[in-house]
Amino acid sequence: MSNLAPTVKRETMYIAGWVISLSVVMQVVFALLGFWDWTVLAGNALGGCAAVGNFLLMGVTIQNAVMMEKKDASTRMKASQKLRMLMLLGVGLLAALVDFLNLWATLIPLFFPRFAIALRPLFDKEKKEK
């Protein structure tokens, strides 16, 4: 992993920062609603790691696909998407089957990267204005 492109590193760190921040907020919400226990923390940790890992794997796949011919790159991207989706389904299934993971606390962080990506233009706009 030492040959990660700087863009992949930067964007993964951006996503990781949002996942951590939103995970803290989620923990507080669970606590305020009276549903917090250690399974929420465990589920949040698994879901957050899966979300960031999924994004990193996508970035690495894109980084490698850029150097390939169009047909090979397309095949690689489709295979990566399927495997990453299976990974996320496995995380959800694991959370549903075991008692030491809160299902909702595991699944909710999987959506945090989408939220972070949606907010990205707001922060890029502020950078351009400065």
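Asn 102 is found in the loop between α3 and α4 (103-107); helices here are DSSP runs (H or I, at least four residues), numbered from the N terminus. The structure is a predicted model, in which local features need pLDDT of at least 70 and side-chain atom pairs count only at pLDDT 80 or more, while totals for chains, interfaces and linings use all residues. Residues are numbered from 1 along each chain as its sequence is written, and side-chain values use heavy atoms, with hydrogens and water left out.

Asn 102 is buried, at a relative accessible area of 18%; buried means under 20% relative accessible area, computed with a 1.4 Å probe on protein chains only. Its side chain reaches the backbone nitrogen of Ala 105 at 2.9 Å. Not counting residues up to four places away in sequence, Asn 102 touches Phe 30, Thr 39, Val 40 and Gly 43, where contact means heavy atoms within 4.5 Å.

Helix α2 contains Gly 47. This glycine is buried, with a relative accessible area of 0%. Gly 47 and Leu 107 are 60 residues apart along the chain, yet their C-alpha atoms are separated by 6.1 Å. Neighbours within four places in sequence left aside, Gly 47 is in contact with Thr 106, Pro 109 and Leu 110.

The next topic is the interior. In soluble globular proteins, nonpolar side chains tend to be buried together. The largest nonpolar core here has 15 residues, and Tyr 14, Ile 15 and Trp 18 have the most contacts inside it. Such a core is a set of buried Ala, Val, Leu, Ile, Met, Phe, Trp, Tyr and Cys residues joined through side-chain atoms within 4.5 Å. At least two residues of this core come from each of α1 (6-32), α2 and α5, and α1 gives the largest share, eight residues. Beyond four places in sequence, Ile 15 touches Phe 55, Pro 113, Ala 116 and Ile 117.

The largest pocket holds about 450 Å³ of space. On a 1 Å grid over the protein atoms alone, a pocket is an open set of points where a 1.4 Å probe fits, with protein on both sides within 12 Å along at least five of seven lines, and lining residues have an atom within 4 Å of a point. The volume is the space filled by probe spheres set on the points. Of the 13 lining residues, Asn 54, Arg 84, Leu 88, Leu 110 and Arg 114 lie nearest the centre of the pocket. Helices α2 (38-65), α3 (70-97) and α5 (112-129) are the elements that each give two or more residues to this lining.

Conventions
Buried means under 20% relative accessible area, exposed over 50%, partly exposed in between (1.4 Å probe, protein chains only). A polar contact is a pair of N or O atoms within 3.5 Å; within protein, one must be able to donate a hydrogen and the other to accept it, and residues adjacent in sequence count only if both atoms are side-chain atoms.
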